[in-house]
Amino acid sequence: MSNYELISTKEAAARLGVSRQRVEQLITNGSIEAIKIPIPGSKRHHVHIDAASVEERRKAAKAQRVGKSAAPKPITKRTAKPAADRVVVADPPPKRKRRRRARTAPAGYLTCVQVGKRLNVNPGTVRSWIDHGFLPGFKWTDESHRQYGQAEITIVKASDLDGFTPPTRADWARLRREQALKRAAKAPAAQPSESTRRGFWARLLGRS
């Protein structure tokens with residue numbers, strides 16, 4: 001084996017493109033030739049592999065891969081199941097959508113939705129104007145509605161929209177100031193503490 005080119009296990013693994021454990025398995029199986037030289041004073045040994053056998057193994061593996069890729073795949077013809085074996089699943093019937101009845105207002109009045117369409121705003125904005133007193137509104141119960149909790153609606157007199165101007169930021173600021181003053185008037189006045197009262201009477205009577 002002196003004429004052989006000997007390589008290490010790591011080099012053989014790099015040439016074959018496998019792990020070192022796989023190289024050891026190939027050595028054990030006899031697929032590649034190798035010699036083991038014991039290390040003096042140790043139970044371990046050096047493994048030297050024949051480079052020619054590694055090259056033959058690499059070519060054989062490559063040829064095997066090429067042969068597998070070049071082999072034509074068998075064409076399997078799909079056969080339809082007989083009509084008796086077929087399971088036909090019928091589509092469920094479409095759910096019938098429950099159409100909600102449009103809310104209507106009496107003659108001369110408009111709902112918040114109708115007012116919003118006229119002023120090009122959201123109906124919620126119209127309700128906010130009514131709640132804060134910018135636009136007069138009324139609660140009206142339509143006897144034709146049979147759904148609980150939906151009979152009472154907010155309506156606006158159509159004549160009140162003539163010349164109506166949506167509130168500006170200044171109007172909202174004025175409303176907030178008025179509300180703050182009302183809350184301050186309703187809040188109980190702060191009572192002075194005992195030390196504050198004593199100091200007041202002491203200054204009033206001229207005591208130090």
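Student: In which helix is Arg127 found?
Tutor: This is a predicted model, where local features need pLDDT of at least 70, side-chain atom pairs count only at pLDDT 80 or more, and totals for chains, interfaces and linings use all residues. Residues are numbered from 1 along each chain as its sequence is written, and side-chain values use heavy atoms, with hydrogens and water left out. Helices (H or I, at least four residues) and strands (E, at least two) are DSSP runs, numbered from the N terminus. On that count, Arg127 sits in helix H5.

Student: What is the relative accessible area of Arg127?
Tutor: Buried means under 20% relative accessible area, exposed over 50%, and partly exposed in between (1.4 Å probe, protein chains only). Arg127 is partly exposed, with a value of 38%.

Student: And how far apart in space are Arg127 and Val115, C-alpha to C-alpha?
Tutor: Along the sequence, 12 residues separate Arg127 and Val115. In space, their C-alpha atoms are apart by 9.9 Å.

Student: At what angle do the axes of H4 and H5 cross?
Tutor: Axes are lines fitted to C-alpha atoms, for helices over the stretch in contact, and angles run from 0 to 180 degrees between N-to-C directions. The axes of H4 (residues 112–119) and H5 (residues 123–131) come within 8 Å. They cross at roughly 105 degrees.

Student: How do H4 and H5 lie to each other, then?
Tutor: Angles under 35 degrees count as roughly parallel, over 145 as roughly antiparallel, 65 to 115 as roughly perpendicular and the rest as oblique. H4 and H5 are therefore roughly perpendicular.

Student: Which residues of H5 make the contact with H4?
Tutor: On the H4 side, the contact uses Cys112, Val113, Val115, Gly116 and Leu119. From H5 come Pro123, Val126, Arg127, Trp129 and Ile130.

Student: How many nonpolar residues does the contact of H4 with H5 have?
Tutor: Ala, Val, Leu, Ile, Met, Phe, Trp, Tyr, Cys and Pro count as nonpolar, Asp, Glu, Lys and Arg as charged, and the others, Gly among them, as polar. One residue of the contact is polar and one is charged. The nonpolar ones number eight.

Student: Over to Thr9: is it buried or exposed?
Tutor: Thr9 is found in helix H1. With a relative accessibility of 11%, Thr9 counts as buried.

Student: What does Thr9 touch, beyond four places in sequence?
Tutor: Residues up to four places away are not counted here. The list for Thr9 is Arg20, Val23, Val47 and Ile49.

Student: At what angle do H1 and H2 pack?
Tutor: The axes of H1 (residues 9–16) and H2 (residues 20–29) are 9 Å apart. They pack at about 100 degrees.

Student: Which residues of H2 are buried?
Tutor: On the other side of H2, Gln21, Thr28 and Asn29 are exposed. The buried residues are Val23, Leu26 and Ile27.

Student: In what order do the three strands of the open sheet stand?
Tutor: Two strands pair if DSSP finds at least two bridges between them. E1 and E3 pair over two bridges, while five bridges join E2 to E3 (residues 45–50). The pairing is antiparallel, and the order is E1-E3-E2.

Student: Which residue takes a positive phi in the hairpin of E2 and E3?
Tutor: Six residues lie between the strands of that hairpin. The positive phi, near 75 degrees, belongs to Gly41.

Student: Which residue in E6 stands opposite Thr141?
Tutor: E5 (residues 138–141) and E6 pair in the antiparallel sense over four bridges. Opposite Thr141 is Glu152.

Terms used: Contact = heavy atoms within 4.5 Å.
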